[in-house]
Amino acid sequence: MLSHNKVILLLFLVFLFKVFGVLFATKIFNYYTPLIDSNLYLTNFFENHGDIRTIIIQKIVIFLKTFIYNDFFIHLSFAILSSIGLVYGILKKLASPIIIFSLFLPSAFVWTSIVGKEAIFFGFFSLIIFIWIRFNSDNICKIDIILLLVAVCLCFILRPHYALPLI
């Protein structure tokens with residue numbers, strides 16, 4: 001079982017890893033493979049275009065831009081949202097090293113460190129996984145059920161084709 005200090009350390013390491021992820025994605029990966037969708041979101045291109053899934057992300061970016069003036073911190077906000085499931089797993093002491101490692105594989109590392117649907121989907125999909133782990137090993141409370149319902153709904157809205165396996 002993880003001690004309180006180890007939980008705090010893991011949360012801090014997740015935050016540092018996400019900061020590094022944003023730097024890597026925006027400074028190195030973007031140099032070789034332009035992050036076109038993220039750049040379009042940051043320039044409000046989708047404000048009146050696209051489907052509801054795209055407009056939701058655009059509205060989040062517009063909201064963040066009202067008090068965050070730097071693109072790096074907007075990307076970091078999405079990167080932190082992508083960690084919501086992992087943070088839940090660490091706080092509930094469900095996250096084993098192999099699970100943490102698998103959530104930081106290269107594809108997840110880049111695409112969850114920038115503005116986009118993937119970051120939010122990944123955060124809530126991993127939340128679903130950890131609630132499922134908790135359900136199988138322990139009783140879940142009403143808050144977990146509410147979190148699960150919200151997470152499933154958001155996954156189906158943002159990436160319905162990825163969310164189908166949730167059924």
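Student: What does the accessible surface of the protein come to, and what share of it belongs to carbon and sulfur atoms?

Tutor: This is a predicted model, in which local features need pLDDT of at least 70 and side-chain atom pairs count only at pLDDT 80 or more, while totals for chains, interfaces and linings use all residues. Residues are numbered from 1 along each chain as its sequence is written, and side-chain values use heavy atoms, with hydrogens and water left out. By the Shrake-Rupley method with a 1.4 Å probe, the accessible surface is about 9,700 Å², and the share of carbon and sulfur atoms is 73%.

Student: How many helices and strands are there?

Tutor: Helices (H or I, at least four residues) and strands (E, at least two) are DSSP runs, numbered from the N terminus. The elements run α-α-α-α-α-α-α-α-α-α from that end. The count is ten helices and zero strands.

Student: Why does the radius of gyration agree with a compact globule?

Tutor: The radius is taken over C-alpha atoms, and the globule rule is 2.2 Å times the number of residues to the power 0.38. With 167 residues the rule gives a value near 15 Å, and the protein has 16 Å.

Student: Which residues of H3 are buried?

Tutor: Buried means under 20% relative accessible area and exposed over 50%, with partly exposed in between (1.4 Å probe, protein chains only). On the other side of the helix, Ile52 and Phe63 are exposed. The buried residues are Arg53, Thr54, Ile57, Gln58, Val61 and Leu64.

Student: Why do these buried residues line one face of H3?

Tutor: An α-helix has 3.6 residues a turn, so residues three or four places apart point the same way. The arc is that of the directions from the helix axis to the C-beta atoms. Seen down the axis of H3, the buried residues line one face because they fall within an arc of 135°.
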